[in-house]
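User: I have a model open and would like to go through it before planning further work. Could you take me through it?

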Amino acid sequence: MPKIIQSQELDQIVELISSHQDGIGIDTISQAMGGVMPRRTLQRRLALLIDQHRIQTHGEGRALRYLRTSQIGETASQRQAGVKSQTA
C-alpha cells in the first residue's frame with residue numbers, strides 16, 4: 001500500500017523553492033529541510049510536484065534547478081522588462 005504523502009510536506013518544498021528566485025538544486029533543498037528526507041524520497045516528491053504543475057525544472061543533469069511554476073514566467077518577463085528599459 002503506497003504511503004500517503006502529507007500535503008504540508010509538499011507545501012514546505014514548494015515554499016522553499018519559491019524563496020529562490022533563480023531556482024534551487026536538490027542538494028540545497030535537502031540541506032534546507034535538515035537532511036532528514038532520503039534523496040530518493042525527495043526526488044519522488046519533486047516529481048509529484050512537477051506532475052501537479054506546481055513546480056518546473058530548468059537545466060539538465062547536475063545543473064538541474066527547480067522553480068515554482070509561476071516564477072518561470074515572472075523571471076522571463078522581468079528579464080524582458082530589463083532589456084526594454086536598457087534599450088529605451
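The conversation below covers the overall layout, the core, the hairpin and the salt bridges.

User: What should I know about the model before we start?

Analyst: This is a predicted model, in which local features need pLDDT of at least 70, side-chain atom pairs count only at pLDDT 80 or more, and totals for chains, interfaces and linings use all residues. Residues are numbered from 1 along each chain as its sequence is written, and side-chain values use heavy atoms, with hydrogens and water left out.

User: How many helices and strands does the chain have?

Analyst: There are four helices and two strands. Their order from the N terminus is α-α-α-β-β-α. Helices (H or I, at least four residues) and strands (E, at least two) are DSSP runs, numbered from the N terminus.

User: What share of the chain is buried?

Analyst: Of the 88 residues, 26% are buried. Buried means under 20% relative accessible area, exposed means over 50%, and partly exposed lies in between (1.4 Å probe, protein chains only).

User: Which residues have the most contacts inside the largest nonpolar core?

Analyst: They are I17, I29, L42 and L46, in a core of 15 residues. A nonpolar core is a set of buried Ala, Val, Leu, Ile, Met, Phe, Trp, Tyr and Cys residues joined through side-chain atoms within 4.5 Å. The elements giving two or more residues to this core are α1 (7–18), α2 (26–32) and α3 (39–51). Helix α1 contributes the most, with five residues.

User: And what does L46 touch?

Analyst: Apart from neighbours within four places in sequence, L46 is in contact (heavy atoms within 4.5 Å) with I13, I17, I26, I29, I55 and Y66.

User: Which residues of α1 are buried?

Analyst: In α1, the buried residues are L10, I13, V14, L16, I17 and S18.

User: Let us turn to the strands. How do β1 and β2 pair?

Analyst: Strand β1 (residues 55–58) and strand β2 (residues 65–68) are antiparallel, with four bridges. Two strands pair if DSSP finds at least two bridges between them. I55 stands opposite R68, and H58 has R65 as its bridge partner.

User: What lies between the two strands?

Analyst: Six residues separate the strands of this hairpin, and G59 takes a positive phi near 95 degrees. R62 also belongs to the loop between β1 and β2. With a relative accessible area of 89%, R62 is exposed. The C-alpha atom of R62 is 9.2 Å from that of I26, although these residues are 36 residues apart along the chain.

User: How many salt bridges are there?

Analyst: The whole structure has three. A salt bridge is a side-chain nitrogen of Lys or Arg within 4 Å of a carboxyl oxygen of Asp or Glu. One of them joins E9 and R45, at 2.5 Å from N to O. That pair links distant parts of the chain, with E9 in helix α1 and R45 in helix α3, 36 residues apart.

User: Is R45 buried or exposed there?

Analyst: R45 is buried, because its relative accessible area is 8%. E9 is partly exposed, at 22%. Neighbours within four places aside, the residues in contact with R45 are K3, I5, E9, L10, I13 and M37.

User: What about the other salt bridges?

Analyst: R54 pairs with D11, the closest N and O atoms being 2.6 Å apart. Here R54 is in the loop between α3 and β1 and D11 is in helix α1, 43 residues apart. R39 pairs with D27, again with the closest N and O atoms 2.6 Å apart.
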